[in-house]
Amino acid sequence: MIRPVARQDLPGLLKLLRWMDESPQRGVLAPEARDLEGLAEELEDGLVLLQDGEVAGYVGLYAFWDGAALEGPLAYREEDLPPLLQAAEKRANELHLDRLYAFPREENHTLRKVLEEADFGLLHLTYFFVKNPEGLDYPPPEGVVIRRGFPGPGVYRELYRESEEGWALRLKWTDEELWEHFQDPHVHLLVAYRGDEPVGMAEVELEDKEASVAYIGVVPKARGQGIGRALLAEAARLATKKGATLLRVRAHDHETGALELYRNLGFSLEEAVATYAKELRARR
């Protein structure tokens with residue numbers, strides 16, 4: 001039986017999540033909490049698969065980009081994954097969602113096969129690297145300065161669009177949403193300028209003792225000059241100043257230059273995540 005998750009299901013769900021944590025081959029986007037109180041606060045629109053009254057599987061949905069992201073599906077048995085996925089799609093259709101996303105770890109070949117058999121398409125692989133932020137000291141090239149601060153919606157959108165054509169999401173944000181985002185004290189934008197012209201940027205998000213470079217990009221005409229490396233070094237200095245002891249970066253599989261840069265600078269691969277998507281109805 002598959003039904004909405006209830007409070008009495010939380011101990012069984014916690015057990016399932018801890019089972020997932022034991023192996024990267026089971027890894028998929030899932031609730032982060034590993035205690036009953038945290039799970040109760042975190043869960044929104046989730047479904048559980050029950051067998052003999054025990055939680056044997058889970059799938060959840062939450063708003064994401066232009067549709068919803070799946071938490072899971074996660075189950076002890078491979079044969080229970082397809083019905084969980086079907087239940088999630090049914091729920092998404094009831095909510096009139098246009099698109100579903102799923103995020104299994106690269107090693108999770110079992111779930112990846114189930115997703116592909118259900119007509120989910122692979123968009124890309126994202127590689128996450130980590131490093132102590134100390135030791136990255138690369139000044140910008142001559143004539144380039146790096147300043148911290150949001151340059152305004154117009155300048156930001158143009159730089160965002162030119163730096164990486166795959167970053168379409170932020171282009172849909174309103175001016176008010178952009179201003180609100182960059183007023184968050186945990187979010188810092190570093191912009192590289194050649195004279196008065198912005199030529200690159202890096203967005204750094206700080207939480208506890210970790211700093212994550214959410215985006216980093218350089219406009220095509222300014223690449224190959226050390227600007228990306230200088231932005232990363234400035235992000236590391238900011239992280240150290242704010243007390244972070246871990247710097248996390250990411251790159252998609254097609255961003256070969258960034259992948260090579262991170263490896264050459266001593267970053268270690270933490271994990272790789274596959275992004276899948278499925279259209280539930282024709283785009284309007």
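**Entry 1: a word to start with**

I call a residue buried under 20% relative accessible area, exposed over 50%, and partly exposed in between. With that in hand, I looked up E234, which counts as partly exposed because its relative accessibility is 24%. I also remind myself that this is a predicted model.

**Entry 2: the partner of E234**

Which residue forms a salt bridge with E234? I found R237, with the closest N and O atoms 2.8 Å apart. Both residues sit in helix α7 (residues 227-241), and being 3 residues apart there, they are separated by about one helical turn. R237 is partly exposed too, at a relative accessible area of 34%. Side chains of opposite charge can pair when their charged atoms come close.

**Entry 3: a bridge between strands**

Next I followed E270, which makes a salt bridge with R248; their closest N and O atoms are 2.8 Å apart. This pair ties together distant parts of the chain, with E270 in strand β12 (residues 268-279) and R248 in strand β11 (residues 246-252), 22 residues apart. Are the two partners buried or exposed, or partly exposed? E270 is partly exposed with a relative accessible area of 35%, whereas R248 is buried at 16%.

**Entry 4: other salt bridges**

I then turned to E79 and R77, whose side chains meet in a salt bridge at 3.6 Å, N to O. R77 has a relative accessible area of 39%, so I noted R77 as partly exposed.

**Entry 5: a charged patch**

Where do E176, E177, E180 and D184 gather? I found them on the surface, in a patch of negative charge. I picked out E180, which lies in helix α6 (residues 175-182). E180 is exposed, because its relative accessibility is 59%.

Most residues other than glycine have a negative phi, and most peptide bonds are trans. D52 has a positive phi of about 55° although it is not a glycine. I located D52 in the loop between β2 (45-51) and β3 (54-64), and D52 is exposed at 82% relative accessible area. D119, not a glycine either, has a positive phi of about 70°. D119 belongs to the loop between α4 (109-117) and β6 (121-131), and its relative accessible area of 60% makes it exposed.

Which two residues does a cis peptide bond join? I found G72 and P73, with omega at about 5°. P73 has its place in strand β4 (residues 67-75).

**Entry 6: a few distances**

I checked E32, in the loop between α1 (10-21) and α2 (36-42). E32 is exposed, with 70% relative accessibility. From E32 to L43, 11 residues along the chain, the C-alpha atoms are separated by 9.9 Å. H188, in strand β8 (residues 187-194), is buried at 11% relative accessibility. H188 and E44 are 144 residues apart along the chain, and their C-alpha atoms are separated by 29 Å.

**Entry 7: what the record says**

Last, I opened UniProt, where an unreviewed entry lists residues 1-151 and 144-284 for "domain: N-acetyltransferase". Over residues 1-151 I noted 28% helix and 33% strand, with the end C-alpha atoms 53 Å apart.

Definitions and conventions. Residues numbered from 1 in each chain as written. Predicted model: local features only at pLDDT ≥ 70, side-chain atom pairs only at ≥ 80, totals over all residues. Heavy atoms only, no water. Patch = residues over 30% accessible without salt bridge, like charges linked within 9 Å, V, L, I, M, F, W, Y side chains within 5 Å. Areas by Shrake-Rupley, 256 points an atom, 1.4 Å probe, with all protein chains shown as cover. Salt bridge = Lys/Arg side-chain N within 4 Å of Asp/Glu carboxyl O. Lys, Arg positive; Asp, Glu negative; His and termini not counted. Charge placed at Lys NZ, Arg CZ, Asp CG, Glu CD. Helix = DSSP H or I, 4+ residues; strand = E, 2+ residues; numbered from the N terminus. Buried < 20%, exposed > 50% of the residue type's maximum accessible area, 1.4 Å probe, protein only. UniProt positions renumbered as here; feature names shortened; annotations may be inferred.
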